[in-house]
Amino acid sequence: MKKYQKILGVLLAGAMVFSMAACGSSSDNKDASDETAKNSANEGSEATGGADADGYIVKATNTDSKSADNDLVIAIEGSVSSMDPMNIPDTNAISATRGVYETLVKFDEKNELTGGLAESWEVSDDSLVYTFHLREGIKFHDGTDFNAAAVEANYERVMNPDNNLSQRRRFVVAKDDGSETMRIESVKATDEKTVVFTLTEQWSPFINRMTQFCIISPAALEKYGNDIMYNACGTGPYTIVEWEEGDHTAMKRNDDYWGEKPGVDTITIKEVPEAGSRTAMLQTGEADFIYPTPSDQINAIKGTDDINVMTADSNIMRYVTLNTGLKELSDIKVRQAMNYAIDQDAYVQLMYSGYAKKATSVVPSIISGYEEQKEYTYDVEKAKELMKEAGYEDGFKLTLWGDNTTQEIKGMTFIQQQLEQIGIEVEVVPMEPATVSEKIYVDKEDAEINMWYVNWSASDFTMDGSLRSLLYSTMAPPNSANTVYYNNPEFDELLDKGLKTADEAEQKSYYSEAQKMAWDDAVWLFLGNDQIIYSTKSYLSGVYVSPDGAFNFANAVLAQ
């Protein structure tokens, strides 16, 4: 048996992974190092002037204190769209639910895979059997015991097709004929503290996928069913107080938490789509942490003694999906023309003031197996020629959907102006995030989508996680987010082969070919990979943003 207690995550393997390798360096961005900081609270050290071992520059000290309360306020751009951890569409929802729920294994701040509710695990020599040994003495917020039977019950809930949970798609392979292949043969609680997952075949991302598998109280599930979204009950450091989608999520400390006790009394996540408002909240102290901090807001807080500005590489991919079911967008020459009409350098500068880099593949460069592709250089004349060859010299009209935040509208307007150069008239349609989801996740015959301005990050840090949900043929809505309606059997086969091999070189060759295929097919408008930029009051420590864009507040401390 192969025994593991701490495994280096796939993210680190990519350095020898969706969200960025070299952007924001001093050579690429003169001002980046002036604003870059690293949150060192979890290492038990105070931030002081100068650079740490990783080369991050610390902008302010953590010697200031917050007066009066011990309540953390986080202001975010988007919406917390779900509090059911098994039915989550975005990283804001992942972030919020992780205050309440926990997983068997998790990525720590250094992106190393470590134990969570499981203190250790073993993998059989044939990589088909994973045995998890659970921690003792843990209780759910309702007072019931966490044990192996709870893990088994949560798996059974996810796999029940009647529940229609998004997490289920991680464990099945849908076929074109409507049938399914299960990736997991069985999940068995062999005793109170041992649970065994048996796979039907080798599946390389399995352990990474388990970092997304949260455990809910079976008693709460029995009581509330899928209404658990409004009655969250996990084992985490915080308990839910109130969730009001589109406005805020409130939690309070779990004084009976099994691990290190929470450092703050309450957490309030406020949804503030307007960038200037978030910045103002930080400056006045109404918020202690804001994310994201748009690069064009950095100067507004630059030099403020009680604010830290942090940047970090991300695995966030920025792009526009193109519905190939539309006559015009079904033509590869049109899609390629649209890419040649996009000035990626201008996009990076306008949207992120250089705190980003151009997209060079269908995945960001820190994903393990990434391979750089031949650039779609900005060439309007070439784009016009391709449009002429496709029979669309006079252009056509399209709609572009996206969230109604300041930054997203700015990006959509940029795309509108760029495509206008080649005769494509784009109507920008900003909507509430929940409305976008409602309009996107419908059957194909009901789909009205033309283009979608969106970003994606693979929270499991795998190549398969970055590509399957977005481009695999059976992952079209309502199953998942393949709003390109890309249907390429060769591409599907490459992803399937990549999953089944444990040979790194062989796996890389499959993923390399898959990247080139999707890139050459111009499945998206390829835009960029931005850096994560967030800001905190200097008295706050223990809060950070992961490369996938999820913010972590489990170890938050407000200096008093």
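Start at F491, which is buried, with a relative accessible area of 0%. You are looking at a predicted model. F491 sits in helix 15, residues 489-500.

**Stop 1: around F491**

Keep F491 selected and show its contacts. Sequence neighbours up to four places away are not counted here. What does F491 touch? The partners are L467, L471, Y472, Y486, A514, M517 and A518. Now pick A514 from that set. A514 is 23 residues from F491 along the chain, and their C-alpha atoms are separated by 5.6 Å.

**Stop 2**

Next, select the open sheet with strand order 20-24-19-23-21-22. Its six strands pair in a mixed pattern. Which strands stand at the edges? They are strand 20 (356-358) and strand 22 (424-431). Each has a single partner strand, so one side of each is left without a neighbour in the sheet. From one strand to the next, the twist averages 25°.

Zoom to strand 19 (residues 316-322) and strand 23 (residues 451-457). They run antiparallel and are joined by seven bridges. Select V320: opposite stands Y453, in strand 23.

Helix 10 (residues 344-352) lies across strand 19, strand 20, strand 23 and strand 24 (524-530). Against strand 20, helix 10 runs at about 165°.

**Stop 3: Q418 in helix 12**

Stay on helix 12 and pick Q418. Is Q418 buried or exposed? Q418 has a relative accessible area of 10%, so it is buried. Show its contacts, leaving aside neighbours within four places in sequence. A341, I342, D343 and Y378 come up.

**Stop 4: a cavity**

Select Y319, T321, W452, V454, L470, A481, T483, V484 and W524. These residues line the second largest cavity. How much space lies in the second largest cavity? About 30 Å³. Colour the lining by strand: strand 19 and strand 23 each supply at least two residues.

**Stop 5**

Switch to the open sheet with the order 14-15-16-5-17-25-18. It has seven strands and mixed pairing. Strand 14 (238-244) and strand 18 stand at the edges, each with a single partner strand, so one side of each is left without a neighbour in the sheet. Neighbouring strands here are turned by 15° against each other on average, direction ignored.

Begin with strand 14 and strand 15 (residues 248-253). Six bridges pair them in the antiparallel sense. Click E244: its bridge partner is H248, in strand 15.

Then bring in helix 7 (residues 275-284), which packs on this sheet. Helix 7 touches strand 5 (71-76), strand 16 (266-271), strand 17, strand 18 and strand 25. Its direction makes about 165° with that of strand 17.

**Stop 6: strand 25**

Where do the side chains go? In a regular strand they alternate between the two faces of the sheet. Both faces of strand 25 are covered. I532, Y534 and T536 are buried on one side, and I533, S535 and K537 on the other.

Look at the partners of strand 25. Strand 17 (residues 289-291) joins it antiparallel through two bridges. In that pairing, F289 stands opposite T536. Strand 18 (residues 307-312) also runs antiparallel to strand 25, with six bridges. There, A312 stands opposite I532.

**Stop 7: the nonpolar core**

Finish with the largest nonpolar core, which has 161 residues. Which residues have the most contacts inside it? F132, F197, M338 and L419.

Select F197 and show its contacts, not counting residues up to four places away in sequence. Among them are L104, V151, Y155, S186 and M210. F206 is another contact of F197.

Move on to F206, found in helix 5 (residues 206-209). F206 counts as buried, at 0% relative accessibility. Beyond neighbours within four places in sequence, F206 is in contact with Y130, F132, I184, F197 and L199.

Key
Residues numbered from 1 in each chain as written. Predicted model: local features only at pLDDT ≥ 70, side-chain atom pairs only at ≥ 80, totals over all residues. Heavy atoms only, no water. Pairing = 2+ DSSP bridges. Helix = DSSP H or I, 4+ residues; strand = E, 2+ residues; numbered from the N terminus. Axes fitted to C-alpha atoms, helices over the stretch in contact; angles between N-to-C directions. Contact = heavy atoms within 4.5 Å. Buried < 20%, exposed > 50% of the residue type's maximum accessible area, 1.4 Å probe, protein only. Core = buried A, V, L, I, M, F, W, Y, C linked by side-chain atoms within 4.5 Å. 1 Å grid on protein atoms, 1.4 Å probe; cavity = no way out; pocket = protein on both sides within 12 Å on 5 of 7 lines; lining within 4 Å. Points joined across faces, edges and corners; volume = space filled by probe spheres on them.
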